[in-house]
Amino acid sequence: MKVKTAGSILAYNFEKEKLLALETVCRKQGIRVKVVEPTDFNKPVGAMMGFDIPGYTGTDYEFGDEMMVLYNIAGSALDKFLKALRTAEISVPLKAVLTASNQGWIPATLAAELKEEHEMMRKTKTLKHDNN
């Protein structure tokens, strides 16, 4: 039985074993996985998905964080995918959906933004907890 392709994921800095587990989950969901090699870390995430990013000039940007960028996975398909990741015990703290706003960002910039958002959410959660 052929599974219809439901979207794509860019995978950055995954260890081999975890990448294989991710690919297994994605294959069952019809999601294509593209592993981004460090030599491409200077390219915007949108360019890695095949979009033409005008005015882009790259330089070397390295980062060591495990991250995945999702494209064309939304609504119930996204919920189903995230549930499958939890069931398979695959934790990826840095996850983003490709948007018009972030498609021109290089992976290191996106990762930094995600970390900042996580920190703000953690602080908000701590403040709410402290006020109760």
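A residue is called buried under 20% relative accessible area, exposed over 50% and partly exposed in between, with a 1.4 Å probe and protein chains only. The model is predicted, with local features needing pLDDT of at least 70, side-chain atom pairs counting only at pLDDT 80 or more, and totals for chains, interfaces and linings using all residues. Residues are numbered from 1 along each chain as its sequence is written, and side-chain values use heavy atoms, without hydrogens and water.

**View 1. The pair of Tyr12 and Phe41 is tilted.** Rings of Phe, Tyr and Trp (its six-membered ring) pair if their centres lie within 6.5 Å, and planes under 30 degrees apart count as stacked, over 60 as edge-to-face and the rest as tilted; this rule gives four aromatic pairs. In one of them, the ring centres of Tyr12 and Phe41 are 5.6 Å apart and the planes stand at 55°. Tyr12 belongs to strand S1 (residues 7-12), while Phe41 sits in the loop between strand S2 (31-36) and helix H2 (45-48), so the pair ties together parts 29 residues apart in sequence. Helices (H or I, at least four residues) and strands (E, at least two) are DSSP runs, numbered from the N terminus.

**View 2. Tyr12 also pairs with Phe63.** Their ring centres are 5.8 Å apart and their planes at 50°, so this pair is tilted. Phe63 lies in the loop between H2 and strand S3 (67-71), 51 residues from Tyr12. Tyr12 is buried at 0% relative accessibility, and Phe63 is buried at 12%.

**View 3. Gly64 is exposed.** Gly64, in the loop between H2 and S3, has a relative accessible area of 66%.
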